[in-house]
Amino acid sequence: MAPYNLLTATVSLMARSFSAFYTNTPARCTSIVCSANINPVKYLTSQTSGPPKRPLNGYMRYVLQQKPVVISENPEIKLVDVVRKIAQQWRMMSPEQKEPFQQASVQAMKQFKVDLQKYQAQLSPAELQQQVLEKRQRMAKRKAIRKKRELNVLGKPKQCRTPFNIYMSEHFQEARGTTTQAKLKSLLDDWRNLFSHQKQVYIQLAEDDKIRYKNEIKSWEEHMIDIGREDLVRGQTQSKKKKTAAVRKATKKTAAKSVKKATLFFVGKKQKSTTSSKAKPSASAKTVQKDSPRKPKM
């Protein structure tokens, strides 16, 4: 009789083999009990209870087909180079060569839409609302990731650091603990136990870094405005810019009104002086009239 450990290992190996075989079939097997001392192995169906997965496009189908071939031909090649080589092959292919992969993707998409309708018909209104909320959250997360990548490409300055962040970056390697979380906890405890004069050094460094950030972000935002990317400028900067433009516009308007009033004043004064000069006789005329002899009365 074989030893108990060997027998147990053999039965466990057989159970795993049966599990690998039956999970690829549509039939459902609840469990297989191999022995009283061995946990039962459960077998699930190939269909999951969650929503159907979106099918791959034609390019990704080609990648999955060619990936083992490229790796077998180049065993020491890196995964990045594998994908790069497959992408180059895909670009060199003709539309007729791409057609089978794209057609398979189209057919899979049709089946996906049918399966999705069946799945959504089984859900309650609350579950449908929850799915919509989760989809919005995923889209917002993807949008934030894309925006962060874009800002990194455009060279947006890094945020100013706090005093604790500066202290943590300087003492992280020598911190107690084996995990990152344990090291952060120990650094936080050490920071709280520091004296005021010891923290003052890092507070001053943080203030200097804050000045650095203000100068860099100001130059960067001016550059973004110059290249037409006002959407990346902070709302505070945009409000200041609008306020400054409004003040300039109001100043120009007030100046124009003042010039107009001054012009009307001088024009009116000139007209008034002209009218008075016409109405009153001149001094020479008065003198002549005074010096001329009066006519004798008849």
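This report covers the salt bridges of a predicted model.

## Basis

In this predicted model, local features need pLDDT of at least 70 and side-chain atom pairs count only at pLDDT 80 or more, while totals for chains, interfaces and linings use all residues. Residues are numbered from 1 along each chain as its sequence is written, and side-chain values use heavy atoms, with hydrogens and water left out.

## Salt bridges

The structure holds 8 salt bridges. The term means a side-chain nitrogen of Lys or Arg within 4 Å of a carboxyl oxygen of Asp or Glu.

Helices here are DSSP runs of H or I, at least four residues long, numbered from the N terminus.

Lys185 is exposed, at 54% relative accessible area. Asp189 is partly exposed, at 29%. The cut-offs are under 20% for buried and over 50% for exposed, with partly exposed in between (1.4 Å probe, protein chains only).

## Helix H8

Arg212 meets Asp209 in a salt bridge of 2.8 Å, N to O. Both lie in helix H8 (residues 196-226), 3 residues apart, about one turn. Asp209 is buried, with a relative accessible area of 14%. Arg212 is partly exposed, at 24%.

Arg212 also pairs with Glu216, at 3.0 Å from N to O. Glu216 and Arg212 are 4 residues apart in helix H8, about one turn of the helix. Glu216 is partly exposed, with a relative accessible area of 36%.

Technical notes: Helices (H or I, at least four residues) and strands (E, at least two) are DSSP runs, numbered from the N terminus.
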